[in-house]
Amino acid sequence: MGASPTIITEGSAAYAHLLDSRPWYRNRRLIILNFWISIMQVPEHTTNVYLVSLTLTGSLHLTHMVSTSVLGSMMNGLQSLAQWNQAFGSPAGGKLGLLNAIQNIGTLCAYPFAPYMSDGMGRRFSIAFGASVMIAATVIQTASNSVQMFIGARFLIGFGQTFAASAAPLLVHEVAYPSHRSQASSMYVSLWFLGSIVAAWSTYGTFTIQNSWAWRIPSALQGVSSLIQVLLIWFVPESPRWLVSQGKEERALKVLAYYHANDNAQDPLVQYELEEIKAAIAFDREVAGNVGWLSLIKTPGNRKRLRLAIAIVVFSQWSGNGLIAYYLNKVLVAIGITNPKTQLLLNGALNTYNFFVTIIAGFNCTRVGRRPLLLTSCTGMIVFWTAQTICFSIHQNTGSIAAGNAVVAFIFYYSCYQLTHIHTDNIAFPPLLASYPIEIFPYPLRAKGYMVANFMMTLSLIFNQYVNPIALEALQWKYYLVYIAWLCFEFVFCYLFIVETKNRTLEETAAIFDGVEGMTQIHDKAAAHAGLTHRIGTEEKDMKSNFAVAMMD
């Protein structure tokens, strides 16, 4: 049987009346907190994007995502550099695919260990360890004098990135002010493009250098953001949820009080947050029994969470964006744009454009909601990917220069919803890539669930990076037809199964999948211990009437 659309109607968060009504920029502690969140976003994306990504919430979030995003954009740029092609034998086909995919193979190898470090040693320690490995790998890559050395360095970058990437979004989500949480987490992936901008334009700036430093300088810049992260991570507050899970409730209370209530430990919001965290962790451990990897598939609610998390991350990589992110050079050559300077300019312009679009989408994810973002994104991608396919085929069949230029225009329009000028691929998947999987898992499963999602995303990336250059070379424009069919499937899946999580706390969102009783129990315990009035009668009826999850197989 078919499935009905899954919809959660909106409801105001239980803590809404406890929030500071002032803008965040008028609260000194929130300014500091948001600064640390942003610093951590930058380092990781720069290291990876330079070859791929750059975003950690606040300072931390920004540093992390910058190092990641640098990887993909840098590899796009390097393919246009004669100096790099000369040094490594002009790799193509499977060899080029391996050079791109090896970083994610390294990421894959670290997945079995990363969640244990994040849960056992803490979010900050895991981030520092991962960033340190990426710094060492960057040094090796910059000094590479053979393809084997370059591949080995990229493997280590991916290996270290996993530890930082698995812990950073969790820390961002768990330390952010409640009303800022969704925007902070959404910015984590949106800032991927900040790293890609650094990579794209630094490659453009060095391409006139007539020796190997044309590619070594962009490689070396990958390590800057990770170095910032290692130096500053110890000033970032540790996750209150992790501290509570380790029995360090007093430290958790201090963190919440200092950043969320101007150091007032008796503030009702702080008391509510602490008790809600304690109640949610106790409920998950004692009632739901969420321990171990098998817990991800033991209950219907957890299986639904896992299915949605995997779908989001796979869709984010298999929507045709892999061709543009890693092989824009090959696409441009196929449509007659062979000048390296023009290729590098287009690479830089596209990444700059994407950055501003995803920032706008990230800040509006709570205003618009998850389902509208995803459905709008899928619709726009289908329309403009189809337009690219038509123009690509006309160019290859007739040699039309106008059709080839139209492909470039539709690459940007693929990034841009026609009326609102919002990037269709970036309107939903980047902002929700980190936030949505984290939102839907309860605390004991959050790190493991996010890790499985990252594991599946890496598998899809490896497939994309290795297969795309081979398939594009063999099928040319016909390869685009595969993505049209897949994008239509994405739209149907999102319409039928995506759950709306707008305006709910982490604990409320997690309880959506386990029923109203679980949510009520968490609210009751948190309110009772915090000394707040929690009227069960009328409020429970209202909550039940607003709590509609329809999913029938």
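Predicted model: local features only at pLDDT ≥ 70, side-chain atom pairs only at ≥ 80, totals over all residues.
1. Helix α7 (residues 123-142) packs with helix α11 (residues 213-232) at an angle of about 165°, and their axes lie 8 Å apart. Angles over 145 degrees count as roughly antiparallel, and α7 and α11 are therefore roughly antiparallel to each other. In this pair, α7 passes α11 in a left-handed crossing.

2. On the α7 side of this contact are I127, A128, A131, S132, M134, I135, T138, Q141 and T142, which meet residues of α11 including W213, W215, R216, S219 and A220 as well as L227, Q229 and V230. Sorted by class, the contact of α7 with α11 comprises ten nonpolar residues, nine polar residues and one charged residue.

3. Helix α6 (residues 114-121) and helix α8 (residues 147-175) pack at an angle of about 50°, with 9 Å between their axes. The two helices are therefore oblique to each other, and the crossing of α6 and α8 is right-handed.

4. Where α6 and α8 touch, A114, M117 and S118 of α6 meet T162, F163, S166, A167 and L170 of α8. By class, this contact of α6 with α8 has five nonpolar and three polar residues, with no charged residues.

5. Just after α20, G399 takes a positive phi of about 75°.

Technical notes. Residues numbered from 1 in each chain as written. Heavy atoms only, no water. Axes fitted to C-alpha atoms, helices over the stretch in contact; angles between N-to-C directions. Helix = DSSP H or I, 4+ residues; strand = E, 2+ residues; numbered from the N terminus. Parallel < 35°, antiparallel > 145°, perpendicular 65-115°, else oblique. Left-handed = near helix turned anticlockwise from the far one by under 90°. Contact = heavy atoms within 4.5 Å. Nonpolar A, V, L, I, M, F, W, Y, C, P; charged D, E, K, R; others polar.
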